[in-house]
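Me: Could you walk me through this structure, starting with how its chains meet?
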Number of protein chains: 14
Amino acid sequence: MDLTSAIIALAVALVMGIATIGPALGQGTAAAKALEGMSRQPEMSGELRTTLIIAMAFMEALTIYGLLIAFLLLGKMG
Amino acid sequence: MDLTSAIIALAVALVMGIATIGPALGQGTAAAKALEGMSRQPEMSGELRTTLIIAMAFMEALTIYGLLIAFLLLGKMG
Amino acid sequence: MDLTSAIIALAVALVMGIATIGPALGQGTAAAKALEGMSRQPEMSGELRTTLIIAMAFMEALTIYGLLIAFLLLGKMG
Amino acid sequence: MDLTSAIIALAVALVMGIATIGPALGQGTAAAKALEGMSRQPEMSGELRTTLIIAMAFMEALTIYGLLIAFLLLGKMG
Amino acid sequence: MDLTSAIIALAVALVMGIATIGPALGQGTAAAKALEGMSRQPEMSGELRTTLIIAMAFMEALTIYGLLIAFLLLGKMG
Amino acid sequence: MDLTSAIIALAVALVMGIATIGPALGQGTAAAKALEGMSRQPEMSGELRTTLIIAMAFMEALTIYGLLIAFLLLGKMG
Amino acid sequence: MDLTSAIIALAVALVMGIATIGPALGQGTAAAKALEGMSRQPEMSGELRTTLIIAMAFMEALTIYGLLIAFLLLGKMG
Amino acid sequence: MDLTSAIIALAVALVMGIATIGPALGQGTAAAKALEGMSRQPEMSGELRTTLIIAMAFMEALTIYGLLIAFLLLGKMG
Amino acid sequence: MDLTSAIIALAVALVMGIATIGPALGQGTAAAKALEGMSRQPEMSGELRTTLIIAMAFMEALTIYGLLIAFLLLGKMG
Amino acid sequence: MDLTSAIIALAVALVMGIATIGPALGQGTAAAKALEGMSRQPEMSGELRTTLIIAMAFMEALTIYGLLIAFLLLGKMG
Amino acid sequence: MDLTSAIIALAVALVMGIATIGPALGQGTAAAKALEGMSRQPEMSGELRTTLIIAMAFMEALTIYGLLIAFLLLGKMG
Amino acid sequence: MDLTSAIIALAVALVMGIATIGPALGQGTAAAKALEGMSRQPEMSGELRTTLIIAMAFMEALTIYGLLIAFLLLGKMG
Amino acid sequence: MDLTSAIIALAVALVMGIATIGPALGQGTAAAKALEGMSRQPEMSGELRTTLIIAMAFMEALTIYGLLIAFLLLGKMG
Amino acid sequence: MDLTSAIIALAVALVMGIATIGPALGQGTAAAKALEGMSRQPEMSGELRTTLIIAMAFMEALTIYGLLIAFLLLGKMG
């Protein structure tokens with residue numbers, strides 16, 4: 001293994017690491033409000049959980065883009 | 001693979017990583033308020049979910065721009 | 001590819017990455033308040049959504065300027 | 001292309017990237033309050049939207065100054 | 001062991017370390033609201049705990065992606 | 001072009017970029033409160049907008065100083 | 001001992017150190033709300049404590065992943 | 001032009017850039033409260049605007065000191 | 001003593017130092033809420049103190065992991 | 001001009017730039033509360049403005065110390 | 001004394017310095033709430049002070065771990 | 001002038017610049033509350049202003065210590 | 001004096017400087033709440049002041065540990 | 001003067017500068033609450049001012065430790 005691979009490894013780590021911060025915080029904020037809403041309006045539980053999962057999927061997608069880039073870079077490490 | 005490719009790999013990682021932070025936090029904030037609104041005004045659920053998805057698409061677009069640049073740079077790594 | 005191209009790649013990544021943070025957070029804040037307003041005043045939904053989209057377009061424009069600069073720099077990488 | 005051009009490219013990226021953060025956050029804060037105000041005082045919608053657009057133009061101008069400097073620097077990259 | 005392995009070790013540490021920050025904070029925020037909701041609406045305990053675990057699984061997944069990348073990079077250290 | 005010009009280009013970028021952050025955030029805060037005030041006291045709209053524009057001009061001036069320095073430095077790049 | 005081992009030691013320290021920040025803050029937030037809930041609804045104490053321990057286990061797991069990576073890297077220091 | 005001039009250019013950029021952040025944020029905070037006060041006590045408008053302008057002048061002065069130093073340093077670039 | 005030992009010493013300091021930040025802040029938050037709860041519901045004192053100590057033990061454990069790694073690294077300094 | 005002068009120029013920029021941040025933020029906070037107080041107790045306007053100016057003078061003095069040091073350092077640049 | 005000792009000295013300083021930040025902030029938060037509780041429920045003073053001292057001892061322990069590591073490293077400076 | 005003097009100039013700038021941040025923010029916070037108190041309890045104006053000036057003197061002293069060190073270091077620049 | 005002593009001096013400065021931040025902020029928070037409590041429950045003044053001094057002593061101890069390490073390192077500068 | 005003295009000068013500046021931040025912020029927070037308390041309970045003014053001065057002395061002491069270390073290091077500059 002050469003130095004180039006090592007730097008690409010750093011790039012892989014960087015993209016995967018950073019790409020988890022935002023979505024996780026965003027999902028936490030959304031989930032918190034969904035849970036708060038459920039305890040206030042129990043009869044809305046189903047509706048809220050559906051919307052929460054849609055919103056979380058949007059945010060999970062952002063990390064998946066990062067994961068995709070990480071795999072493409074890993075493939076270039078050879 | 002040469003050193004130039006390694007630096008471009010870092011650039012790819014940088015743009016993809018950073019481009020997920022803002023949109024994820026923004027989507028989280030918007031989703032949180034939409035979920036809060038739904039539990040307060042159950043009859044507005046449909047309207048709120050539509051507006052939330054429009055807003056999330058705007059923000060998702062920002063990450064997509066980053067993904068686009070990441071792919072263009074990956075293509076230059078050869 | 002030479003070292004100059006690699007540094008320009010870093011510049012491209014920098015401008016595109018950073019240019020998504022502010023607008024995304026700003027759009028999230030605006031969307032959150034629009035959704036909150038809708039759940040309080042359902043009859044204002046149309047008006048609020050229109051104003052939200054105008055405001056989001058202003059902020060989206062800021063990222064587009066960054067994208068424009070990123071493309072101009074990519075063109076110089078040759 | 002020489003190293004000087006590469007450093008100027010970094011400068012272009014720096015000025016354009018940073019110049020989007022503040023205005024975007026400022027526009028987001030202003031838009032949020034305008035939307036909140038509209039849902040409280042529906043009959044003020046026109047007035048609020050006009051003032052919001054004036055305020056956003058002031059902030060958009062700050063990014064335009066950054067864009068102007070970015071173009072002037074790009075012209076010097078040759 | 002060579003220097004390349006050492007840099008990959010840094011990459012492994014970076015991705016694993018950073019990938020725990022966001023999800024942990026997000027899970028903490030969600031759990032806090034679930035616990036608050038339970039004490040307000042005791043009869044919703046089951047529903048809230050189920051939703052909390054779904055949300056936590058989404059966020060745990062983000063760290064698992066980081067762990068996956070960390071193992072793939074460890075395998076490249078040889 | 002020589003290395004000196006490149007460093008001056010970085011200086012130009014630095015001053016223009018940083019000089020937009022504070023004023024934009026300040027203008028956003030002021031505009032937000034003016035818009036909030038308008039929706040509370042509609043009959044004060046004119047007065048508030050005048051004062052807002054005076055305050056924004058003060059803050060815009062700070063960025064203009066930065067722009068002035070940026071042009072003076074650009075002139076020295078030759 | 002060689003320089004490679006020293007850099008791996010830094011990596012071990014990095015992953016273990018950073019991996020404690022997020023979970024600890026998350027656990028603190030969750031525990032705070034559980035304790036607040038207990039003092040409001042004394043009869044929910046058992047339920048809240050069970051849910052708190054489930055949530056804390058999820059977050060403790062994130063640090064354990066970091067600890068696992070730290071041990072694997074320590075094993076490579078030889 | 002020599003390297004010394006380039007470093008002085010960086011110094012000029014640094015002082016002018018940083019010197020706009022604090023005053024702009026401070027002026028924004030003050031202006032926000034003045035505008036809020038005006039909408040609560042319309043008959044105090046004149047008094048509030050006078051005091052706001054005095055306070056803004058104090059803060060504008062801080063940036064002017066930075067501008068003064070920037071000009072003195074520019075003069076030394078020759 | 002050689003340079004390798006010095007770098008390992010830095011690693012030991014890094015892991016021990018950082019590993020105290022999160023748990024301490026988390027324990028502070030939890031203890032604050034337990035104390036607040038006690039003053040509101042004096043009859044829950046025993047229950048709250050028990051739960052607080054369980055929660056603090058979870059967080060103390062995170063620092064102990066850091067201490068463990070610090071001792072293992074100290075042993076490698078020789 | 002020599003390199004020493006260039007470094008002193010950086011020092012001058014550093015001290016003047018940083019010395020404006022704190023006082024400006026402090027003056028903004030104080031002015032904001034004075035303006036809020038005036039709109040609540042119009043008959044206290046004179047008293048509040050006097051105290052505000054005393055407080056602002058204390059904070060302005062801190063920046064003046066920085067300006068003094070900046071001039072003394074400028075004098076040493078020769 | 002050699003360079004290795006100097007780097008270990010930096011390590012000692014790092015661990016001791018950082019290890020005071022978290023516990024101090026945590027103790028401050030806990031003490032603040034205990035004092036607030038005492039002024040609300042004077043008859044709980046004894047109970048609150050006992051719990052506060054237990055909590056502070058937990059946090060003080062975190063700094064003591066740092067102090068322990070600092071002494072072990074000092075011993076290695078020779 | 002030699003390089004040593006230049007580094008001492010940086011030290012002078014560092015100590016004077018940083019030493020203004022904390023006291024200015026602290027004075028701003030204290031002054032803000034004094035002004036708020038005056039508008040609530042006009043008859044306490046004298047008492048509050050006296051206490052504010054005592055508190056500000058304590059904080060001003062901290063910057064004076066920094067100024068003292070700055071002058072002692074300036075004297076060593078020779 | 002040699003370079004080693006200079007680096008140890010940096011270590012001394014680092015430990016002493018950082019070790020004052022946390023305890024000072026913690027003491028400020030605790031003192032603020034004690035003073036607030038006194039003005040609400042004048043008859044608890046003695047009790048609150050005693051508890052405040054105990055809490056401040058705990059926090060002062062953290063800085064004293066830093067001071068101790070600083071003196072031990074100063075002794076090694078010779 | 002030699003380079004060693006210059007680095008010690010940096011250390012002196014570092015310790016004195018950083019040691020003013022925390023205490024100043026802490027004193028500001030404490031003073032703010034004392035002033036607020038005085039305006040609420042005028043008859044407690046004496047008691048509050050005494051406690052404020054005790055608390056400020058504790059925090060002032062932290063900066064004095066930094067000043068002491070700064071003088072000891074200045075003495076070593078020779």
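This is a predicted model: local features need pLDDT of at least 70, side-chain atom pairs count only at pLDDT 80 or more; totals for chains, interfaces and linings use all residues.

Me: OK, so do the copies A and B meet through the same or different surfaces, and why?
Reply: The copies meet through different surfaces, because only 18% of the interface residues of chain A are also interface residues in chain B.

Me: And what rotation superposes chain A on chain B?
Reply: Chain A is superposed on chain B by a rotation of 26°, with 0.0 Å of shift along the axis, and the RMSD is then 0.0 Å.

Me: Switching to chains I and G, how many residues are in contact?
Reply: On chain I there are 39 residues in contact with 42 residues of chain G, and the two chains bury about 3500 Å² between them, of which 79% is on carbon and sulfur atoms.

Me: How many salt bridges are there between chain I and chain G?
Reply: There are two salt bridges between these chains, and one of them joins the side chains of I:Lys33 and G:Glu36, at 3.4 Å from N to O.

Me: Which elements of chain I touch chain G?
Reply: Helix H1 (3–40) and helix H2 (45–77) of chain I are the elements that each give two or more residues to that side, and the residues there divide into 25 nonpolar, nine polar and five charged.

Me: What does UniProt list for chain A?
Reply: An unreviewed UniProt entry lists "domain: V-ATPase proteolipid subunit C-like" for residues 10–73 of chain A. Over that stretch the chain is 94% helix and 0% strand, while the end C-alpha atoms are 10 Å apart.

Note on methods. Residues are numbered from 1 along each chain as its sequence is written. Chains are lettered from A and ligands numbered from 1 in the order in which they are written. Side-chain values use heavy atoms; hydrogens and water are left out. UniProt positions are given in the numbering used here, feature names are shortened, and annotations may be inferred rather than shown by experiment. Helices (H or I, at least four residues) and strands (E, at least two) are DSSP runs, numbered from the N terminus. Contact means heavy atoms within 4.5 Å. Buried area is the accessible area (1.4 Å probe) that two parts lose on being put together, summed over both. A salt bridge is a side-chain nitrogen of Lys or Arg within 4 Å of a carboxyl oxygen of Asp or Glu. Ala, Val, Leu, Ile, Met, Phe, Trp, Tyr, Cys and Pro count as nonpolar, Asp, Glu, Lys and Arg as charged, and the others, Gly among them, as polar. Copies are superposed by least squares on the C-alpha atoms of residues with pLDDT of at least 70 in both.
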